[in-house]
Amino acid sequence: MDKAGIEIAVLSQTAPGIQAIADSTEASAMAKHANDALHAAIEQQSRRFRGFAALNLLDIDAACAELKRCVSELGFVGALVNGSTQSEYLDNPRVDPLWSTLEQLDVPLYLHPGLPTNQPASMVKELDGATWGWSFDTATHALRLIVKGVFDKHPNANVILGHMGENLPFYLWRLDSRYASTRYRNDISTTPSAVFRRNFFITTSGVCDDAALQCSIATLGPERIMFSTDYPYEDIELAGRWIEQATIDPLAKTMICRDTARILLRLS
């Protein structure tokens with residue numbers, strides 16, 4: 001972090017995490033264990049680290065209670081979910097209490113890639129995982145939340161997507177155009193792009209590319225973008241050098257590197 005010029009890092013459990021545990025009792029126990037272990041690590045460097053909670057979404061009541069504990073007692077700044085949970089996505093009405101709890105606590109949910117429930121027949125092994133498959137699955141998961149009306153019911157909920165928004169900032173115009181005419185259209189209160197701009201934040205994690213950053217700024221504004229490194233999967237020093245040298249407006253750079261996260265996550 002020092003070599004990359006990073007002051008604060010928000011730590012979380014990597015994929016597949018709790019979402020891969022099929023036994024609900026075990027998943028709840030492991031989530032609590034993981035969160036306690038993360039809290040202990042944060043305490044060693046409390047000025048430098050913050051945390052996202054791991055949750056067992058097989059038991060929504062337990063997940064809500066654990067999220068409340070992590071935020072109110074452990075000082076965590078949100079939750080992170082690694083994809084679907086045993087084939088269930090977060091647009092399922094059963095998950096509504098979690099969205100309400102996120103609103104009540106005023107903390108975001110980081111929707112991170114996990115193990116896809118299934119892969120389309122077009123998928124080949126060369127494109128599986130972080131190369132393409134996980135991003136495709138996560139972007140689809142995010143769009144499900146939009147078109148199934150999660151944010152009509154929970155307008156104050158915030159979701160973070162990594163990897164420069166899992167390609168969605170570049171697709172919003174066509175998404176609106178085609179969604180308006182599809183015969184499968186579900187009524188939502190506004191356009192998909194408006195929901196995305198209102199309820200989603202993105203990070204730069206794993207995408208050190210000027211053109212992608214500039215497009216995301218033009219599409220969302222710097223107040224919806226946060227610098228992130230995708231460590232340990234990407235080179236943290238490379239990411240630090242890239243954002244420092246990025247040819248963007250200095251005020252936008254300050255927002256992306258500090259102020260967006262400071263406001264959303266209430267970092268001090």
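Contact, as the word is used on this tour, means heavy atoms within 4.5 Å. The model on screen is a predicted one.

**First stop: L127**

Select L127, in the loop between strand 4 and helix 4. With a relative accessible area of 37%, L127 is partly exposed. Setting aside neighbours within four places in sequence, the contacts of L127 are W132 and G133.

**Second stop: helices 2 and 3**

Two packed helices are described by the angle between their axes and the distance between the axes. Display residues 60–72, which form helix 2, together with residues 96–105, which form helix 3; the two pack at an angle of about 15°, with their axes 9 Å apart. Helix 2 is therefore roughly parallel to helix 3, since angles under 35 degrees count as such. The crossing of helix 2 past helix 3 is right-handed.

To see what joins the pair, show the side chains of I60, C64, L67, K68 and V71 on helix 2, then those of P97, L98, T101, L102, Q104 and L105 on helix 3. Sorted by class, this contact has eight nonpolar, two polar and one charged residues.

Remain on helix 3 and colour its buried residues: D96, L98, W99, T101, L102 and E103. Which elements cover the buried residues of helix 3? Helix 2 is one of them, and the cover also includes strand 4 (109–112), helix 4 (133–147), helix 5 and strand 5.

H154 is found in the loop between helix 5 (150–153) and strand 5 (159–161). Is H154 buried or exposed? At 5% relative accessibility, H154 counts as buried. Apart from neighbours within four places in sequence, H154 is in contact with D96, W99, S100, E103 and N199. Of these, D96, W99 and E103 are among the buried residues of helix 3.

Next, select helix 7 (residues 172–179) and helix 8 (residues 192–199), whose axes come within 8 Å and cross at roughly 135°. That angle makes helix 7 oblique to helix 8. On the helix 7 side, show L172, L175, D176 and Y179; they meet P192, S193, F196 and R197 in helix 8. By class, this contact has five nonpolar, one polar and two charged residues.

Most residues other than glycine have a negative phi, and most peptide bonds are trans.

Begin with T229, which lies in the loop between strand 7 and helix 10. T229 is buried, with a relative accessible area of 11%. The side chain of T229 reaches the backbone nitrogen of Y231 at 3.2 Å. Leaving out neighbours within four places in sequence, T229 is in contact with I6, S205, G206, E234, I236 and A239.

Now step to D230, in the loop between strand 7 and helix 10. D230 is not a glycine, yet its phi is positive, at about 65°. At 17% relative accessibility, D230 counts as buried.

Continue to the peptide bond from Y231 to P232, which is cis, with omega near 10°. P232 lies in the loop between strand 7 (225–226) and helix 10 (236–245).

Where is P16? Look in the loop between strand 1 (9–11) and helix 1 (24–44). The peptide bond from A15 to P16 is cis, with omega near 0°.

Finish at R266, in the segment after helix 11 (250–264). Phi of R266 is near 55°, a positive value in a residue other than glycine. At 48% relative accessibility, R266 counts as partly exposed.

Methods
Residues numbered from 1 in each chain as written. Predicted model: local features only at pLDDT ≥ 70, side-chain atom pairs only at ≥ 80, totals over all residues. Heavy atoms only, no water. Axes fitted to C-alpha atoms, helices over the stretch in contact; angles between N-to-C directions. Helix = DSSP H or I, 4+ residues; strand = E, 2+ residues; numbered from the N terminus. Parallel < 35°, antiparallel > 145°, perpendicular 65-115°, else oblique. Left-handed = near helix turned anticlockwise from the far one by under 90°. Nonpolar A, V, L, I, M, F, W, Y, C, P; charged D, E, K, R; others polar. Buried < 20%, exposed > 50% of the residue type's maximum accessible area, 1.4 Å probe, protein only. Polar contact = N/O pair within 3.5 Å; in protein donor to acceptor, adjacent residues only side chain to side chain.
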